[in-house]
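Welcome! Have a look at the model below, and then we can walk through its strands, a helix and a pocket together.

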Amino acid sequence: MKRLGIDIGSRKVKFALQTDNAEPELWDMATPVLYHKYLQRHANDGHTLDLMRLGLGEVDVVAATGYGRNNVKLHDVFVVSEMLAHAEGALRTGKNNFLMLDVGGQDTKAVLVTDGMVEDFSVNDKCAAGSGRYLENMASVMGVELEDLFKYYTEPADLSTTCAVYAESEIIGKLADGITIEQLCAGVNHSMFLRIRPMLERWPVKDLVFVGGGAKNAAIVYFLEEAGYEVTIPEYPEFNGALGCLTMLDKERK
């Protein structure tokens with residue numbers, strides 16, 4: 001049986017394709033803000049995702065999650081909430097009791113998983129400063145690649161603003177004051193951590209599974225570990241939602 005998990009994010013569409021018990025095939029495709037237009041270009045009627053046009057051939061069953069799961073109507077698909085999909089993906093690490101952290105392009109989610117079930121969650125979806133978009137914007141302002149930004153955590157510059165819009169002006173001002181790019185990068189990462197920490201501190205759990213593209217930020221991982229969290233990162237953190245969809249499909253079969 002061929003099963004497909006799709007995570008339709010604000011920045012990329014992630015695919016996980018599994019045939020029988022073989023290892024899943026993983027790939028992604030960039031999606032601009034109007035990501036639904038991308039999907040429509042691969043649709044046979046503007047509403048139904050045509051898997052043949054994606055080069056997938058016949059797929060027996062499909063599950064979709066992510067930011068755009070409801071915006072494009074997929075034909076014969078299980079629609080899975082982001083919380084459940086990412087929790088199921090995190091369970092693939094072999095853990096059953098943990099906090100899950102997902103820093104996405106549009107929001108950040110913290111989920112408490114107890115005995116393999118979602119017990120509680122918190123979402124920051126009101127402010128760009130608490131999402132991957134903030135990191136992208138600040139990297140652009142400083143003229144550094146996002147992957148380079150992720151490396152810096154020592155001697156973080158103090159960034160006082162809590163707004164992603166005003167943070168740009170503060171960064172420019174500190175550059176004019178002679179603060180180094182390295183310190184500013186560390187400051188951006190630390191300010192992101194400070195926005196994440198209150199979400200996690202709702203629960204007295206220190207076993208943390210970090211998923212999503214944000215898990216590639218080594219600086220945030222450093223700050224989390226400094227705060228006492230035992231951080232586990234799946235092998236393919238950015239595909240966690242799509243892989244979680246595969247797990248959901250397997251449970252449906254049983």
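Which residues are buried in α2? They are E82, M83, A85, H86, A87, E88, G89, A90 and L91, where buried means under 20% relative accessible area, exposed over 50% and partly exposed in between, with a 1.4 Å probe and protein chains only. Nine of the 10 residues of α2 are therefore buried, so this helix is largely enclosed by the rest of the structure.

## Ground rules

This is a predicted model, in which local features need pLDDT of at least 70 and side-chain atom pairs count only at pLDDT 80 or more, while totals for chains, interfaces and linings use all residues. Residues are numbered from 1 along each chain as its sequence is written, and side-chain values use heavy atoms, with hydrogens and water left out.

Helices (H or I, at least four residues) and strands (E, at least two) are DSSP runs, numbered from the N terminus. Two strands pair if DSSP finds at least two bridges between them.

## The five-stranded sheet

Let's start with an open sheet of five strands, in the order β3-β2-β1-β4-β5 and with mixed pairing. Its edge strands are β3 (25–30) and β5 (77–79), each of which pairs on one side only. On average, neighbouring strands of this sheet are turned by 20 degrees against each other, direction ignored; the axes are lines fitted to C-alpha atoms, for helices over the stretch in contact, and angles run from 0 to 180 degrees between N-to-C directions.

Within this sheet, β1 (residues 2–8) and β2 run antiparallel and are joined by seven bridges. L4 stands opposite L17 in β2.

What does β6 pair with? Six bridges join β6 to β7, and the two run antiparallel, forming a hairpin with four residues between them. Here L99 has L112 of β7 as its bridge partner, and V103 stands opposite T108. β6 also runs parallel to β9 (residues 207–211), joined by four bridges, with L101 partnered by F210.

Why is β7 (residues 108–114) largely enclosed by the rest of the structure? Six of its seven residues are buried, so the strand is largely enclosed. β7 is joined to β8 (residues 117–124) by seven bridges, and these strands run antiparallel. A110 has S122 in β8 as its bridge partner. Two residues lie between the strands of this hairpin, where D115 takes a positive phi near 50 degrees.

## The largest pocket

A pocket is an open set of points on a 1 Å grid over the protein atoms alone, where a 1.4 Å probe fits and protein lies on both sides within 12 Å along at least five of seven lines; lining residues have an atom within 4 Å of a point. The largest one holds about 790 Å³ of space, a volume being the space filled by probe spheres set on the points, which are joined across faces, edges and corners.

The largest pocket is lined by 31 residues, and R11, K14, G105, G213 and G214 lie nearest its centre. Elements giving two or more residues to this lining are β2 (12–19), α2 (82–91), β6 (98–103), α3 (132–142) and α4 (146–149). With three residues, α3 gives the most.

The lining divides into six nonpolar, 11 polar and 14 charged residues. Ala, Val, Leu, Ile, Met, Phe, Trp, Tyr, Cys and Pro count as nonpolar, Asp, Glu, Lys and Arg as charged, and the others, Gly among them, as polar.
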